[in-house]
Amino acid sequence: MQVVVELFGIARARAGVAQTTAVGQCLGDVLADLAGRFPLLAESCIAGRTLRPGFTANLGGRRFVTAQETALTDGDTVLLLPLDGGG
Amino acid sequence: MASPIPGFHSCYLRIDLTTGAAQRVVLEEQFLRDHLGGSGLGVALLLKEGAAGVDPLSSAAAMAFVFSPLVGSPLTTSAKFAVVSKSPLTQRINDSLASSGFALAGKKTGHDAIVLTGKAPRPSILIIDDDQVRLESAADFLGLSTGETEHRLRERYGTEFQTATIGPAGERAVSYATISHDGRHAGRGGSGAVLGSKNIKALAVRGTHRPHWAEPSALVELARKFSEKSFGPATAKYRELGTASNLLTFNRLNVLPTRNFQQGSFAGAAAISPEELGVARERTRSSCAACTIGCEHLYGLKNGKGSVRLEYENLFALGPLCGIDDPEAVLEACRRCDDLGLDTISAGGTIAFAMECVERGLIDEPWLQFGDGAALLRALDLIATGEGIGRLMALGSRRMAHEIGHNSIDFAPQVKGLEIPGYDPRGLQTMALGFAVGSRGADHNRSGAYEVDFSEAVDRYHVGPESAHLAVETEDKAALMDSLILCKFLRGVFTDFFAESAEILRLVTGWDVTADELRQTARRIVTDKKRFNILAGWTPAEDTLPDRMLRQALPDDARAQLSPERLSALVRAYNLARGWSPEGWI
Ligand code: SF4
């Protein structure tokens, strides 16, 4: 299962890209895939298969998700972004 | 007088500007414990002064500069002060916060607050040197920008004095004029107009009184832990990118207010994003005094014109909201607002509203078009001088709409007269509730309900009454942070906010304060603000959003839709969750 991953804020700064693809059946798989390919992103945003505190994910711009078992379908878009939007 | 409570001076300074008389007024321990400092103490003092029923620009109006028990302590981000008054923009309570040396020096004058009443006989600088108070002529300072005023005051009085100044907008009582200190602003609601109407161009404060702490060693140790945590991931966004990094996130989520809230996304967002600006321009960082986070990011203007602080709210209001994607124009507009002493959100919101009025043929000012950076800059100058259409725009979008008529109030981007910050409420519906019930109007600093929308707790497109308590919780947290005072950008480092705040306050004051007590205190402060508003004439009909946001989905995101009935149900649930009547009477 391939998904598009869009990165925002610190996640983008750490990964050095605005967008990439990743593979996995669930959010945990995708995070692990990203962590393997982007060590700096992992250091700040991903601990194994879960998001570190201060970060969240969103499916397709609509639903916020954090549980690693969140099921994904082919072609989904996963946004990785800082948790608080304040400013 | 009994010795002061640790963390406090147990008194405030009350100055009658008409006569120049200054009086030291005792603050009882229970009063301080009930209201803390900052916003909480300020509102309580204004209630005591009977300020709710008075025209905020009249000489009878009272305004308060309020410090807090934490000011001067080693706790990171604690060098803050609140300016509390009735707002000329909303005619409701207004508590604006700002940071840095003015808070430290102001508290060292030996007072927990400075309350101003009356009106100086002529334009003046108010000097407070410990408990010595005097007025000096401001004739040489009239018309100067906030920065230039501060610079010249430093030359005249020396660097030991810290100053809070108004710009030309405050002198002319623009309804959303700010009070500025060291480039930061007590920004929202027009406190600069209130100070200007008292004939005060600036306050200069200096003092020698340091409060003591109940448990100094433990406080230093706790402060060290908070400072360490403030270097962690919870604040990385603020340190490394600044709040402006919200822009592309909000754009992707279709909640970036664009062209006066006609859209939730902006095609030109990338061009003005900090990611792009950081590549093309020099970027430096700065911070308030006593802060280990340092969220301020300054971007260079072209042709050696210096640099300007850029935050998300400035960027959204002077960029997408006015349809402008020219980074130089946006940065120049930010700087002009700083210089003139204008609240960027209200300035951008009012100009965007005027641009839509032009588009609809309601105003005959063909030069004022969405997307035109030169028009934005011209509009800002007109607001400050009051010339031409500037006279109307200086009133804010609500009063401007009332003068224009033609149901333009339906798309004036305001709640209770305060222009809406950069969160489209249709796609962030817990925030929609927070905006509708906000005591000072639509306000992201007094309700952090967007945090709920950015979580799994709700479906941000379909928030129901069962989620109203979440909006209450974020508002209570904000009320406590604004009264302790700690910077909101520190909130991510707390694990148990009320319990850890209680521990901080215990070490500062020696009180056996608990998390439960602070929850009650926060609720009391929110209720005090409501009490003030009721005395000022509040009615339940005010707790709403502009008609456009209740009757039209976002054109670029059909899921983002509210209705009057759904918002009413949310407001009713909020009122009940607060223990008020369903309509909101306390
Ligand atoms: S985080 Fe930013 S606004 Fe808050 S105290 Fe520090 S520099 Fe000031």
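How many residues does the contact take from chain B and from chain A?

## Contact between chain B and chain A

In this predicted model, the contact draws 32 residues from chain B and 25 residues from chain A. Chain B and chain A bury about 2,300 Å² between them, and 54% of that area lies on carbon and sulfur atoms. On the side of chain B, the residues that lose the most area to chain A are B:Arg252, B:Phe454 and B:Glu456, which together account for 26% of what that side buries.

Three salt bridges are found across the interface of chain B and chain A, and the side chains of B:Glu240 and A:Arg14 meet in a salt bridge at 2.6 Å, N to O. The count of residue pairs in polar contact between chain B and chain A is five, with both residues at pLDDT 80 or more. The elements of chain B that give two or more residues to the side touching chain A are helix 8 (236-241), helix 9 (246-252), helix 12 (312-318) and helix 19 (450-453). By class, that side of chain B has 14 nonpolar, six polar and twelve charged residues.

## Domains of chain B

The domain assignment of chain B gives domain 1 (11-206), domain 2 (233-419) and domain 3 (429-577). Taken over C-alpha atoms, the centres of domain 1 and domain 2 of chain B are separated by 26 Å, and 31 residues of domain 1 are in contact with 34 residues of domain 2. The area buried between these two domains of chain B is about 2,300 Å², of which carbon and sulfur atoms give 51%. B:Leu89, B:Tyr176 and B:Arg188 supply 30% of the area that domain 1 buries against domain 2, more than any other three residues.

Across the interface of domain 1 and domain 2 of chain B there are two salt bridges, and the side chains of B:Glu296 and B:Arg184 meet in a salt bridge at 2.6 Å, N to O. The polar contacts between the two domains of chain B number 22 residue pairs, both residues being at pLDDT 80 or more. On the side of domain 1 that touches domain 2, helix 3 (101-108), helix 5 (168-171) and strand 11 (184-186) of chain B are the elements that give two or more residues, and the largest share, three residues, comes from helix 5 of chain B. By class, this side of domain 1 has ten nonpolar, 17 polar and four charged residues.

## Surroundings of the ligand

The residues around the ligand include B:Cys288, B:Cys291, B:Cys295 and B:Cys487, along with B:Lys80 and B:Phe489. By class, the shell has six nonpolar, three polar and one charged residues.

Key. Residues numbered from 1 in each chain as written. Chains lettered and ligands numbered in written order. Predicted model: local features only at pLDDT ≥ 70, side-chain atom pairs only at ≥ 80, totals over all residues. Heavy atoms only, no water. Near = heavy atom within 4 Å. Nonpolar A, V, L, I, M, F, W, Y, C, P; charged D, E, K, R; others polar. Contact = heavy atoms within 4.5 Å. Buried area = accessible area lost by both parts, 1.4 Å probe. Salt bridge = Lys/Arg side-chain N within 4 Å of Asp/Glu carboxyl O. Polar contact = N/O pair within 3.5 Å; in protein donor to acceptor, adjacent residues only side chain to side chain. Helix = DSSP H or I, 4+ residues; strand = E, 2+ residues; numbered from the N terminus. Domains from an automatic or database assignment.
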